[in-house]
Amino acid sequence: MPKLIRQEDGANRPILIEDAVLDRVYFTCLRLSPGETFELRLPRHECVIVLMSGTADVLVDGERFAAVGGRADVWSGVADSVYAPLGATIKIAALAAPAEVAIAGGLTEERHSAFRIRPEEVETVEVGSPGTHSRRRILHILGQNGRGRTGHLLVSELYADDGCWSGYPPHKHDTDRSEGETDHQELYHYRFSPPSGFGVQVTYDGEKEICFMTRDRDTVLVDRGYHPTVTSPGHRSYIFTILVGKSHRGLVQYFDPAHLHLTETIPGIQAMRDKFK
């Protein structure tokens with residue numbers, strides 16, 4: 001059943017690690033002071049270290065990725081990130097300014113090599129339109145650029161215009177079936193601009209309907225069902241998204257048949273689907 005985790009206190013503890021709802025996902029947000037370091041080892045997960053703000057040196061099993069990051073906040077440019085393989089020893093050292101770092105992990109048994117994902121390697125997809133109240137941009141930090149180099153982990157950042165829907169038309173991905181759908185657990189971590197903003201996360205599966213009011217820094221866990229979300233007018237939303245497939249890397253979404261016709265009227269839906277595969 002989907003679950004809401006309210007704002008964390010910034011104590012650098014994991015927000016999620018193999019929860020009963022999402023047993024394949026790891027997630028935390030670190031807040032590091034200038035010069036502060038943080039060490040981590042995930043024995044069961046591969047992960048992506050994403051600089052949400054600030055700059056840091058990232059060491060993965062001793063391999064140094066220097067001065068990763070640079071943006072002022074998530075609203076100011078494209079992420080600079082590092083992929084770390086299963087069981088890697090990770091050290092993150094903030095440089096001259098405070099740094100906020102998201103760590104997105106997925107359960108895997110595969111081990112690959114570490115690599116950096118520079119901003120120019122992040123693919124952007126434009127979806128929706130102001131007229132259909134669904135305009136958003138999806139920036140694939142770890143998407144097709146990870147094919148053959150990672151397990152079943154996908155990581156992206158989504159920016160929705162104020163008053164617009166995303167995850168729309170309603171779709172789900174909780175069942176592996178030939179061609180038509182894949183089983184991917186999903187985590188949404190929310191930010192709003194201004195931070196006083198809010199939204200609504202809807203989930204439904206034909207048996208149960210759940211609605212959460214989402215606020216800045218809230219996290220929603222989606223293990224099943226259709227899951228559209230909307231941002232209140234006057235507030236832009238940002239969603240840090242982690243997807244972990246059960247048996248496939250590429251994501252195949254199954255749209256609610258009652259709303260399938262909207263895929264023909266909302267621009268960019270097919271491009272969105274293609275980029276997740």
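Strand E18 (residues 181-193) pairs with E23 in the antiparallel sense over 10 bridges, where two strands count as paired if DSSP finds at least two bridges between them. The model is predicted, with local features needing pLDDT of at least 70 and side-chain atom pairs counting only at pLDDT 80 or more, while totals for chains, interfaces and linings use all residues. Residues are numbered from 1 along each chain as its sequence is written, and side-chain values use heavy atoms, with hydrogens and water left out. Helices (H or I, at least four residues) and strands (E, at least two) are DSSP runs numbered from the N terminus.

**Around strand E23**

**Two open sheets**

- Strands of a sheet pair through backbone hydrogen bonds, either parallel or antiparallel.
- E2 pairs with strand E3 (residues 25-32) in the antiparallel sense over 2 bridges, and Ile17 stands opposite Tyr26 in E3.
- Another open sheet has 4 strands in the order E15-E22-E19-E20, and its pairing is antiparallel.
- In that sheet, strand E15 (165-166) and strand E20 (209-215) are at the edges and have a single partner strand each, so one side of each is left without a neighbour in the sheet.
- E15 and strand E22 (residues 229-231) pair in the antiparallel sense over 2 bridges, with Ser166 opposite Thr229 in E22.

**Aromatic rings and charges**

- The structure holds 9 aromatic pairs, in which rings of Phe, Tyr and Trp (its six-membered ring) have centres within 6.5 Å, with planes under 30 degrees apart counted as stacked, over 60 as edge-to-face and the rest as tilted.
- Among them is the stacked pair of Phe27 and Phe240, at 5.8 Å centre to centre and with 25° between the planes.
- This pair links distant parts of the chain, since Phe27 lies in strand E3 and Phe240 in strand E23 (residues 236-245), 213 residues apart.
- Phe27 and Phe240 are both buried.
- The rings of Tyr159 and Tyr238 have centres 5.2 Å apart and planes at 65°, so this pair is edge-to-face.
- Tyr159 in strand E14 (residues 153-160) and Tyr238 in strand E23 are 79 residues apart, and both are buried.
- Ring pairs link Trp75, Tyr159 and Tyr238 into a cluster.
- The charged end of Arg137 sits over the ring of Tyr159, 5.1 Å from its centre, a contact that requires NZ of Lys or CZ of Arg within 6 Å of the ring centre and within 35 degrees of the ring normal.

**The largest cavity**

- The structure holds 2 cavities of 30 Å³ or more, a cavity being a set of points on a 1 Å grid over the protein atoms alone where a 1.4 Å probe fits but cannot get out.
- The largest cavity has a volume of about 150 Å³, the volume being the space filled by probe spheres set on the points.
- Its lining has 16 residues (each with an atom within 4 Å of a point), of which Ile138, Leu158, Glu186, Tyr188 and Phe276 lie nearest the centre.
- E14, E18, E23 and helix H1 (269-276) are the elements that give two or more residues to this lining.

Methods. Buried means under 20% relative accessible area, exposed over 50%, partly exposed in between (1.4 Å probe, protein chains only). On a 1 Å grid over the protein atoms alone, a cavity is a set of points where a 1.4 Å probe fits but cannot get out, and a pocket is an open set with protein on both sides within 12 Å along at least five of seven lines; lining residues have an atom within 4 Å of a point.
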